[in-house]
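Hi everyone, thanks for coming along. Have a look at the structure on the screen, and I'll walk you through a few spots in it.

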Amino acid sequence: MTAEPAVAVRGLTKRFPVPFTRRLISAVEDVDLTVNRGEVYGLLGPNGSGKSTTLKIILGLVWPTSGSAKIFGRDSGEVHSRDSVGFLPENPYFYKFLTGTETLRFFGKLCGLHGEQLHQRIIDLLDLVGLTNAREQRLATYSKGMLQRIGLAQALINDPQLVVLDEPTAGVDPAGSRDIRDLIVDLRKRGVTVLLSSHLLGQVQEVCDRVGILANGKLVREGKLEELLAIENQTELVLENASEDLVKRVQELARDANARLVAQRRSTTTLERFFLDATDE
Amino acid sequence: MRRTLAIASNTLTDLTRQRVFYFILIFALILIGSSVFMSRFSFQQELQILKDISLGTMSILTSLLAILATARLIPQDIEDRTAYTILAKPVPRYQYVLGKLLGVLGLLVISLFIMSALFFAMLYTREQTLLSEAMRQYATAPREQLEDALRTVRAAGLKIDIAQAIGLLFMKASVLAATTLLVTTFATTNIFTVITMVFVYFIGHLQEIAREYWLQQTGNGWFTHLFLALVALIFPDLQAFNRVDQVVAGHALSLGIFTQTTLLGCFYIAVYTTLAVVMFYGKEL
């Protein structure tokens, strides 16, 4: 049982009927993918590529036309396959009339938690997502970023071993986005498996161990990020405090060895880092 | 069970914060408004009309509340994707559907309780006033006439039968809530659900007639026979729960009839809820 991957999708196909016709539209076609325990897996693809449908099948919200999806070895159609799963949907919408604490209490109860254990978990999670001060505010008054954070907290309420995040940073500002990324990294450190779908490639590149790319419902590429992105015949050197003379000598050495210098430029920071420094986050 | 109760309690909180209790305000206004015209009638008529108007209003309002409150529950959760978050937890779909229904039933209990309290207070007050008036009017009349007048007022006043009739109104509203829940599992819009339920409401009150014609096996054509059979088998017999007229007229509601009708209500609720659960299991979110 322990050898089972966190998520195993085999030959997954999903076709939706077109109303009033006999036609079927294929959303996912013969997809195979494996998310190993403890890794961060990014499911990439343009809009309408089948990412959300695949996630919904994994979570038992939609039934596959053929093939299977398993979570820790259990068929995703079984309720207990979700015992140790946390899910944050895209643009989450919760009951506006509940406060942050009430929301987490509600979702905690749905996971079978109660009493002091639930109470403590709520306090810890509100602290983790930085909503302690807003805990008694109704969700109707929360900003989009705060809703995303309470969404993350509810996804973690049962201390899950698998966290599924559908576009977790959609509509979140750079600081909030960085917090979510840090949280994902923290989850990985704690051995939690993360399956996330996104089309923000930069972010995926920062946190994912492996990625799968879906296009038109088919998994067109899958693998370790460094392997997929590596350019076989190129090597990058980043030098600090290099004098002009040293740079010249490196160029000469390359020329002597029949290697071509493809690019030479001054290193830059990322726009995100620059933005965060400027806004002192 | 804890999960079902969590969903039920959340549904009840949701509904109570939707200002549905305006229904009760309407009831209170009708109750107060009706009392303005009461003085024109005799003692017995006054109490009977008060009961008639109050129980009739309670019946319509609780039926409306059951349909309107239930119609939006599941579709709204799906539209807002709250259902995704809930069902992505280890929550079996039957517990979700049951929780929603229990939340609505909770709302109906609270609404009926408040309306009944208002009604009972009004009825009791009027009964006491009328008893005093009768004693004043018949103060000089023979003792038998006074006792007769007091007996007439008491007979038309607050009695256990009224509570039983209200209990059956609750059963009727619960049957409507369960039926509405079933319709929402395949309806595509709220308006479709409400319109369908308006038909169910009216046909449900005629179901008894259709059933009797169907069972009589008279020489109708096969189409008529099939139509009557469908009405009799698919729709709930809502008329069975209408014992208001009987109670208003002062006829006793026997425990047997009350128990039998309550069991019929439970049967309908069980059947429609089971069908709703089956439909919801097949629903892709």
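Let's start with a question: which residues of H6(B) and H8(B) meet each other? Before I answer, please keep in mind that what you see is a predicted model.

Here is the answer. On the H6(B) side, the list is B:Val97, B:Lys100, B:Leu101, B:Val104, B:Leu105, B:Leu108, B:Val109, B:Leu112, B:Ser116, B:Phe119, B:Phe120 and B:Leu123. They meet B:Ile162, B:Ala163, B:Ile166, B:Leu169, B:Phe170, B:Ala173, B:Ser174, B:Ala177, B:Ala178 and B:Leu181 of H8(B). Sorted by class, the residues of this contact come out as 19 nonpolar, 2 polar and 1 charged.

And how are the two helices arranged? In chain B, helix H6 covers residues 93–137 and helix H8 covers residues 160–184; their axes come within 10 Å and cross at roughly 150°. The cut-off for roughly antiparallel is over 145 degrees, so H6(B) is roughly antiparallel to H8(B). Their crossing is right-handed.

Now stay with H6(B), please, and find helix H12 of chain B, residues 255–281. The axes of H6(B) and H12(B) come within 9 Å and cross at roughly 135°. That angle makes H6(B) oblique to H12(B). This crossing is right-handed. From H6(B), the contact uses B:Arg93, B:Tyr94, B:Tyr96, B:Val97, B:Leu98 and B:Leu101. H12(B) brings B:Ile269, B:Thr273, B:Ala276, B:Val277, B:Phe280 and B:Tyr281. By class, that is 10 nonpolar residues, 1 polar and 1 charged.

Let's move over to chain A. Strand E1, residues 7–17, and strand E2, residues 24–35, pair in the antiparallel sense over 8 bridges. One pair to look for is A:Val7, whose bridge partner in E2(A) is A:Val35. The hairpin of these two strands has 6 residues between them, and there A:Phe20 takes a positive phi near 65°.

One last stop, also in chain A: A:Val250. You'll find A:Val250 in helix H8 of chain A, residues 244–256. Is A:Val250 buried, exposed or partly exposed? Its relative accessibility is 31%, so A:Val250 counts as partly exposed. From A:Val250 to A:Leu261 is 11 residues in sequence, and 9.7 Å in space, C-alpha to C-alpha.

Technical notes:
Residues are numbered from 1 along each chain as its sequence is written. Chains are lettered from A and ligands numbered from 1 in the order in which they are written. This is a predicted model: local features need pLDDT of at least 70, side-chain atom pairs count only at pLDDT 80 or more; totals for chains, interfaces and linings use all residues. Side-chain values use heavy atoms; hydrogens and water are left out. Axes are lines fitted to C-alpha atoms, for helices over the stretch in contact, and angles run from 0 to 180 degrees between N-to-C directions. Helices (H or I, at least four residues) and strands (E, at least two) are DSSP runs, numbered from the N terminus. Angles under 35 degrees count as roughly parallel, over 145 as roughly antiparallel, 65 to 115 as roughly perpendicular and the rest as oblique. A crossing is left-handed if the near helix is turned anticlockwise from the far one by less than a right angle, and right-handed if clockwise. Contact means heavy atoms within 4.5 Å. Ala, Val, Leu, Ile, Met, Phe, Trp, Tyr, Cys and Pro count as nonpolar, Asp, Glu, Lys and Arg as charged, and the others, Gly among them, as polar. Two strands pair if DSSP finds at least two bridges between them. Buried means under 20% relative accessible area, exposed over 50%, partly exposed in between (1.4 Å probe, protein chains only).
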